[in-house]
Protein chains: 2
Amino acid sequence: MNEDVEPQDPCVERLARLTGDRCKAKNAARRLQTLTDNIDESELVAEAEIFKAMSDPCRLAILKLLREGELCVCEIMTALDRPQSSTSHHLSILKRAGLIRERKEGKWSRYRLSEGAVIEMMNLAKLMTSL
Amino acid sequence: MNEDVEPQDPCVERLARLTGDRCKAKNAARRLQTLTDNIDESELVAEAEIFKAMSDPCRLAILKLLREGELCVCEIMTALDRPQSSTSHHLSILKRAGLIRERKEGKWSRYRLSEGAVIEMMNLAKLMTSL
DNA sequence: CTTATATATCGAAATGGTTTGATATGACTC
DNA sequence: GAGTCATATCAAACCATTTCGATATATAAG
């Protein structure tokens, strides 16, 4: 007896008022439902984490530095003129998001960009800001 | 009398200890200096704002919904099952970052993706999470 | 084993973001 | 113009992030 979308569904009610056509509203509601059903929550969170990692000016600067090649924490903090603990913290966030990789060498930690599309991502953002 | 990099520069000191070679250290310091000089702070902040706008799961879901076409606030809040004020707030952030555009039509506000590279950005992120 | 150096982690303060009910605005309807 | 509906804005509670000094860990050198 239960259809995909109930006749009394507030969603349909609302859309019916929008379109003035109850039948169209039902289809629209079904379409919206399908769209949201196709969005995987955990995928959403994973993708958001990448953007969150890139959403800090300091971290973006680090990524830009690393385009030129591998650098150790010591060089990065010097280049950015930031305290060591801040720099280290930001690096750990970038690493957790998979944007950079670490290579330990003696007492040094050398960081480089991951093989992924990090650079393309930055290029796109630059393109978008210059429009 | 002032060179690009002072002999007593703590930056050079540090790098000299790293490489063991004061001359190489000086060059490395100069290279790092050039790299950071080429990073424009305001550009950095502008790009970070784009990533920040995309760093929330709810906002990412909105962007994914809008890939299918123009939607009004009412439809979006219905699809995502979120309160109206939250939905509106997220839309304003996306708009401020230039990721979506608004078209007023009577009492409705219809939103659509901007012409920019928003979709490519999402595709890249999806690619990066699936590695 | 002590010292020095590079980095990571902790902790607390400051800051910023998200959420949502309540309220304001603005448009269409009667 | 009173009522209704779509949306925006406000405000307060709540939660997350950033920052940085202090401390811990780990490696290398003496």
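Colleague: In the hairpin of E2(B) and E3(B), which residue takes a positive phi?

Modeller: In this predicted model, B:Gly106 has a positive phi near 65°, and the hairpin of E2(B) and E3(B) has 2 residues between the strands. A strand is a DSSP run of E with at least two residues, a helix a run of H or I with at least four, and both are numbered from the N terminus. Residues are numbered from 1 along each chain as its sequence is written. Local features need pLDDT of at least 70, and side-chain atom pairs count only at pLDDT 80 or more.

Colleague: How many bridges join strand E2 (residues 100-105) of chain B to E3(B)?

Modeller: Two strands pair if DSSP finds at least two bridges between them. Here E2(B) and E3(B) run antiparallel and are joined by 6 bridges, with B:Ile100 opposite B:Leu113 in E3(B). Strand E1 (residues 71-72) of chain B also pairs with E3(B) in the antiparallel sense, over 2 bridges; there B:Leu71 stands opposite B:Tyr111.

Colleague: Which residues come nearest to DNA strand D?

Modeller: A residue is near a strand if one of its heavy atoms lies within 4 Å of it. Of the 25 residues around DNA strand D, A:Arg59, A:His90, B:Cys74, B:Ser88 and B:Tyr111 come nearest. Sugar and phosphate make up 63% of the atoms of DNA strand D that come within 4 Å of the protein.

Colleague: Where does A:Arg59 place a polar side-chain atom?

Modeller: That atom lies 2.8 Å from a phosphate oxygen of DNA strand D. For B:Cys74, a backbone N or O atom lies 2.7 Å from a phosphate oxygen of DNA strand D.

Definitions and conventions. Chains lettered and ligands numbered in written order. Heavy atoms only, no water. Polar contact = N/O pair within 3.5 Å; in protein donor to acceptor, adjacent residues only side chain to side chain.
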